[in-house]
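Please look at the sequence and structure first.

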Amino acid sequence: MLINLHIVNLALIDELDIDFSSGLNILTGETGAGKSIIIGSIGIGLGGKYDSGLLRNPDKDGLVELLFSVDEELADELKGEEFGIDDIEDGEILISRRLTGGKSINRINNKTVTVSKLRMVAEKLISLHAQHEQRTLLKASKHIDIVDSFDSDITALKQKVAEAYSSYKKVSDKLDSLNMDETERAKRLDYIQYEINDIESARLVSGEDVELEEVYKKASNAQSIAEIASSVEALTGYDRDSSGGSQISNALHELQALTRYDEGAEELISTLTDVDSLISDFNRQLEDYISNMELDEETLRETEERLNLVNTLKQRYGSLSGASSNSGMATIDDVLAGLEALKKEEDTLLSYEETIRSLEKEKTQLLGVLDKESDKLTDKRKKAAKKLCKIIADSMKELNFNDARFDMSFEKADSFSANGNDIAEFIISTNIGEEMKPLVNVASGGELSRVMLAIKSAVSNAADTPTLIFDEIDVGISGITAEKVGNMMHRLAESRQIISITHLPQIAAAGDAAYVIEKEVVGDKTITGIRKLDEEGRVQELARLLGGASVTDSVLATAREMLGR
């Protein structure tokens with residue numbers, strides 16, 4: 001359940017902190033007090049989108065924190081591989097979103113997570129039904145999603161259908177791409193064979209381009225390299241008295257004279273002899289390097305021509321295979337992979353009729369698999385829909401739909417998708433003798449509210465969601481119907497926590513705990529706050545809902561009687 005809600009610097013909220021109770025929590029308040037701001041803030045905290053314009057003070061961060069308590073079974077599930085929340089202590093989970101500018105920092109138990117991960121975890125903890133959700137019932141395409149969410153076994157079947165559809169679509173698209181007449185096929189084959197010959201005639205070798213680049217770089221800068229090497233040779237060689245080699249040799253000769261006076265100089269002579277040998281070896285290497293730099297103009301020209309050819313082929317064919325190197329630049333390996341792709345297409349065109357027959361056979365087989373898996377999905381959906389619609393119909397009777405019937409119609413689409421080929425929508429009859437008609441064509445606003453409550457009740461029971469939030473589920477209802485809605489919500493709250501915003505006293509009276517949302521002016525600012533009501537406070541708030549601005553003794557007495565019931 002949701003233990004605590006903490007909001008900072010959002011819209012009309014400076015800072016708000018409220019503890020919730022188990023059972024049915026009722027939130028009321030005057031129109032414009034900020035009820036939608038609080039529900040909207042909860043939605044943001046659960047991973048919803050937000051606009052930086054919501055920050056009350058744009059120079060400060062916004063913050064939404066939701067503290068939940070979870071039972072051992074749910075804690076173990078959240079610690080599993082799918083969710084990976086491994087730091088659950090005392091059965092508590094803290095979801096936090098810090099909002100700065102257009103970005104957010106998302107944390108679960110002080111561990112930074114992605115917003116998608118935050119949403120995954122939030123969906124296991126709480127279900128938020130905002131007012132706009134009722135409009136989903138007016139879209140028949142959304143009805144099948146409700147059935148799918150009711151039965152967890154449907155998920156695996158949908159995955160199989162999606163995989164079967166992907167395989168079928170891949171072969172179907174390939175067949176479409178090969179659909180050409182004899183003239184087009186001959187023209188394409190001729191062009192492919194030209195490209196194959198263009199690549200093969202170059203006799204490319206993997207890695208050749210790298211070696212050519214190195215050779216060309218050295219050859220085109222041979223003069224500069226020779227000048228630098230000759231200068232180094234003059235500085236370190238033995239041809240001039242001032243050169244390094246000559247100076248070291250002279251020093252070694254002088255040092256050897258020390259042995260006449262001190263035998264300890266032998267170690268110095270040994271070290272300097274090693275230095276002299278190193279200088280000598282270096283100069284021999286330098287001479288070899290200079291001699292190897294003697295490239296003639298013909299070699300340079302041939303290297304340049306080969307390199308130009310290789311680069312042209314890389315540019316022309318490097319992307320044929322669809323592969324690319326880490327640097328983003330085409331390589332000879334990319335060209336060779338493109339060559340293989342061209343040869344495969346050549347083989348396909350040379351054996352066109354056979355290829356088409358083979359693909360058509362494969363398409364037929366895959367269509368059979370897709371049809372079979374879709375039928376399994378349809379059967380499962382129909383069974384789930386039958387069970388769901390019965391639960392919804394029973395709940396609707398409790399919600400003052402005395403003679404209502406509720407069901408789902410199924411038809412087959414002309415084509416498949418990754419979701420199968422079902423066209424399904426809810427159908428309803430609210431009066432005896434009336435035929436079943438699509439829900440989208442029949443239900444009024446108040447009826448939609450009650451249908452949505454019945455659906456939410458059924459789906460959340462199947463999903464075992466610990467906390468449900470209803471934002472004015474009572475739109476368009478009143479009187480006895482409102483009382484029945486309150487009774488149903490109270491029964492739902494026996495097995496889970498419910499937080500509901502309402503403007504109807506019949507529903508407010510059914511709550512286990514009540515809170516009032518208020519707007520007040522503090523200094524030069526208008527702020528929204530929330531406070532929990534004691535027993536007398538609940539009486540006063542019920543009286544306000546009953547009598548508006550005119551709260552008489554009889555209205556107060558009625559409020560006390562409603563709470564007593």
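## Helices α18 and α19

Helix α18 (residues 535-547) and helix α19 (residues 553-564) cross at roughly 120 degrees, and their axes come within 8 Å. The crossing of α18 and α19 is right-handed. These values come from a predicted model.

On the α18 side, the residues in contact are E535, E536, R538, V539, Q540, L542, A543, L546 and G547. They meet V555, L556, T558, A559, R560, M562 and L563 of α19. Sorted by class, the contact of α18 with α19 has nine nonpolar, four charged and three polar residues.

## Helices α4 and α13

Helix α4 (residues 140-150) packs against helix α13 (residues 352-398) with the axes 9 Å apart and an angle of about 90 degrees. An angle of 65 to 115 degrees counts as roughly perpendicular, and α4 and α13 are therefore roughly perpendicular to each other.

From α4, the contact involves I144, I146, V147, D148 and F150. From α13, it involves R381, A384, A385, K387, L388 and I391. The residues of this contact of α4 with α13 divide into eight nonpolar and three charged, with no polar ones.

## Residue R185

Leaving aside residues up to four places away in sequence, R185 touches M180, L349, Y352 and E353.

Definitions and conventions: Residues numbered from 1 in each chain as written. Predicted model: local features only at pLDDT ≥ 70, side-chain atom pairs only at ≥ 80, totals over all residues. Heavy atoms only, no water. Axes fitted to C-alpha atoms, helices over the stretch in contact; angles between N-to-C directions. Helix = DSSP H or I, 4+ residues; strand = E, 2+ residues; numbered from the N terminus. Parallel < 35°, antiparallel > 145°, perpendicular 65-115°, else oblique. Contact = heavy atoms within 4.5 Å. Nonpolar A, V, L, I, M, F, W, Y, C, P; charged D, E, K, R; others polar. Left-handed = near helix turned anticlockwise from the far one by under 90°.
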